[in-house]
Amino acid sequence: MPSAPKLASFPAIRGALRFYQICSIITGTMLLLLCAEMLIKYGLGYELFLGGSGGFLWFAPLDAFGESTGDGLNLSLGILVAHGWFYVVYLFSCFRVWSLMRWQFMRFLLLASGGIIPFLSFFLEARVARDVKRYLAEREAADAAGEGQSHRLAAHSTLTETIPTDSTERPLL
């Protein structure tokens with residue numbers, strides 16, 4: 001069983017969680033765009049282009065071999081590439097939260113699947129944020145209660161009493 005996160009890492013956990021939340025929303029949105037693009041490309045036989053002979057935004061049909069016939073900037077390909085790179089960043093953010101929270105490996109695999117299963121990243125983002133924030137709050141409250149107890153015990157300890165010294169001795173310097 002993995003050990004609990006250290007209190008010193010709580011600020012890093014909060015930063016990693018925020019980064020994860022942002023990456024999760026971007027990756028989820030890009031995945032939905034990718035799914036729509038794939039439905040249009042493979043279901044209807046069109047690709048989305050920006051500029052070129054068709055105007056500002058237009059759909060170009062695919063030829064008999066599945067090749068594009070458009071002459072502008074291929075946004076379909078751009079969506080594919082952008083999702084791939086955002087997924088890599090999303091995996092890094094998942095790894096960061098997972099490693100700082102010291103979760104089991106299966107939880108990392110679940111987080112990673114958020115970038116390849118439509119809508120899952122949105123649900124995971126909400127659940128992970130709720131779980132991590134609740135854990136941090138409970139752990140800080142428990143530590144504050146325990147710390148207060150240790151300060152009360154230290155006040156009554158013989159080790160914290162001042163030891164009288166003979167002040168009549170001359171200093172060494």
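Author: Buried means under 20% relative accessible area, exposed over 50%, partly exposed in between (1.4 Å probe, protein chains only). The model is predicted: local features need pLDDT of at least 70, side-chain atom pairs pLDDT 80 or more, while totals for chains, interfaces and linings use all residues. Numbering starts from 1 along each chain as its sequence is written, and side-chain values use heavy atoms, without hydrogens or water.

Reader: Which residues of α2 are buried?
Author: Helix α2 covers residues 75-101; helices are DSSP runs (H or I, at least four residues), numbered from the N terminus. Its buried residues are S76, I79, H83, Y87, Y90, S93, C94, V97, W98, L100 and M101.

Reader: Is W85 buried or exposed?
Author: W85 also sits in α2. Its relative accessibility is 61%, so W85 counts as exposed.

Reader: How far does α2 reach from its first C-alpha to its last?
Author: α2 has 27 residues.

Reader: Which residue caps the N-terminal end of α2?
Author: Look at the backbone nitrogen of S76. A side-chain oxygen lies 3.1 Å from this nitrogen. That oxygen belongs to N74.

Reader: Which residue takes a positive phi just after α2?
Author: The phi is about 60°. The residue is R102.

Reader: What distance separates the C-alpha atoms of Y42 and L62?
Author: Y42 lies in helix α1, residues 10-44. Y42 counts as exposed because its relative accessibility is 60%. L62 is 20 residues away along the chain. The two C-alpha atoms are separated by 9.4 Å.

Notes:
Helices (H or I, at least four residues) and strands (E, at least two) are DSSP runs, numbered from the N terminus. The expected span of a helix is 1.5 Å times one less than its number of residues. A polar contact is a pair of N or O atoms within 3.5 Å; within protein, one must be able to donate a hydrogen and the other to accept it, and residues adjacent in sequence count only if both atoms are side-chain atoms.
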